[in-house]
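The tour below goes stop by stop: select, look, move on.

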Amino acid sequence: MTNLDQEPGSAPALAPEILGYYAQGQEDGRLRAGAGRLELLRTQDVLRRLLPPAPARLLDVGGGSGIHAEWLTAAGYQVELVDPVPLHVEQAGRLAGVRARLGDARALDAADDSFDVVLLLGPLYHLTDPADRARALAEARRVLSAGGLLVAATINRFAGLHDTLNQGRWFDPERRPYIEAVTRDGRLRSENPRSGFTTAYFHQPAEIVREFTAAGLTLLGQYGVEGAGWLMGAVGDWLDDPTRRESLLDALRLAESDPALLGVSGHLLTAGRKSEAAR
Ligand SMILES: C[S@@+](CC[C@H](N)C(=O)[O-])C[C@H]1O[C@@H](n2cnc3c(N)ncnc32)[C@H](O)[C@@H]1O
C-alpha cells in the first residue's frame, strides 16, 4: 500500500517505516534534555508571540507524545492532538486536559472552521510527496476559522549536512555520499540504517512559502528555530544555566527571521493565516 492508497472514507496509511521508527518510543524524551531543549525553548518562544490569547481552540496535528500540548494546555488553550502513532496518542492522552486521538494530517476528522490555531509541527517533513503536503495544508486551512493561524515546522535542506559536519561524521567515506544525496534533492532515504532518522523531506525556506501560498494561506513570517545555535558545541551547557539560557534566547531572536540565515537552522517555523473572508 502506498501513502495515497486508502479505503473510501478512511484515513491515508502512514509509511510503515515511519510508524516503526516512532514505535521505538524515543520521541517523548527528544526535546526534554541536553541540546534538544533548544528546539523546545525556541518553538515556545516563537509560538508565545504568534498565538492569540488563551483560551483559543488549538489543534496540534502530528503532536507526538504531547510535548507542546502539555504547556499549551497549562497556558489555558483548549488543545486537541492528532497523531498516527498509537504510542504517541496513548502518551498524550495521559496529559491532564489534552484530548488526543489517532489521525492523519491529510484527512482530519475535524469540522470546517472549528479551530483558531492549527499546529503542524512534524507532518510536513514526513510527507515526501508534494501532493500529500498540499493535502495536509488544505486540511489545516479547512478546519481553521476565518483569520485563524497555522504554524508549520519544516526541516531545512542543509540540516543533514550541518549535523553531519557538526558531529565530525562528514569525514566518514560511507556517510558522505548519502548526505550529498539528501542535500541535493531533500529526500532522506529511510532504507539507509545510518541515517538515524526515518523517511523525511527537507525543505528550502522559500519552498514552504510557495506551498503555503498555493494552499491559500497568507504568509505571516518565518523563524529559524535553533538558528545557528544548534551548531555550537556548548549549547547544552548554556541551557543548564538560567542566565545564559535567557541570553542565548535573546541572541537567537536577533537573527531568527533574516532571510539569509533561515536555512542555517535545523528546523524552520512558517506562520500563515486563513484570510478573514475565506471559506
Ligand atoms: C518529530 S515528531 C514531532 C512531534 C511534536 N509535534 C514536536 O514538535 O516535537 C513528528 C510527528 O509527526 C507525526 N506524523 C508523521 N506523519 C504524520 C501524518 N501524515 N499526519 C500526522 N502526523 C504525522 C509523527 O507521528 C510524529 O509524532
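Two strands count as paired if DSSP finds at least two bridges between them. Keep that rule in mind for the sheet stops. Note too that this is a predicted model.

**Whole protein**

Start with everything selected. The protein has 11 helices and 9 strands. Its C-alpha trace spans about 50 × 45 × 35 Å along the principal axes. Does the radius of gyration agree with what, a compact globule or something else? For 279 residues, a compact globule would have a value near 19 Å; the protein has 18 Å, which agrees. Buried residues are 42% of the 279. Of the contacts with a separation of 6 or more, 69% join residues 24 or more positions apart.

**Strand S5**

Select residues 144–156. This is strand S5, and 10 of its 13 residues are buried. Now bring up its partners one at a time.

- Strand S4, residues 115–120, pairs with S5 in the parallel sense over 5 bridges. Pick Val-118: its bridge partner in S5 is Leu-150.
- Strand S9, residues 267–274, pairs with S5 in the antiparallel sense over 7 bridges. Pick Val-151: its bridge partner in S9 is Ala-271.
- Strand S7, residues 200–203, runs parallel to S5, joined by 2 bridges. Pick Asn-156: His-203 in S7 stands opposite.

While side chains are on, recall a general point: in a regular strand they alternate between the two faces of the sheet.

**Thr-218**

Move to Thr-218, in strand S8, residues 217–224. Buried or partly exposed? Thr-218 has 15 C-beta neighbours inside 10 Å, so it counts as partly exposed; the buried class needs 20 or more. Show Gly-272, Arg-273 and Ser-275: Thr-218 touches these, leaving aside residues up to four places away in sequence. Then draw a C-alpha to C-alpha distance from Thr-218 to Leu-150. The two are 68 residues apart in sequence and 9.7 Å apart in space.

**Helix H3**

Stay with H3. Its buried residues are Ile-67, His-68, Ala-69, Leu-72 and Thr-73. What covers them? The cover includes helix H2 (37–50), strand S1 (57–61), strand S2 (78–83), helix H4 (86–93) and S4. Step on to Gly-76, which follows H3: its phi is positive, near 105 degrees.

**Backbone checks**

Two loops remain. As background, most residues other than glycine have a negative phi, and most peptide bonds are trans.

Select Pro-55, in the loop between H2 and S1. The peptide bond from Ala-54 to Pro-55 is cis, with omega near 0 degrees.

Last, select Asp-113, in the loop between strand S3 (99–102) and S4. Its phi is near 55 degrees, a positive value in a residue other than glycine. Asp-113 has 15 C-beta neighbours inside 10 Å and therefore counts as partly exposed.

How values were computed:
Residues numbered from 1 in each chain as written. Predicted model: local features only at pLDDT ≥ 70, side-chain atom pairs only at ≥ 80, totals over all residues. Helix = DSSP H or I, 4+ residues; strand = E, 2+ residues; numbered from the N terminus. Rg over C-alpha atoms; globule rule 2.2 N^0.38 Å. Buried ≥ 20, exposed ≤ 12 C-beta atoms within 10 Å, placed from the backbone. Contact = placed C-beta atoms within 7 Å.
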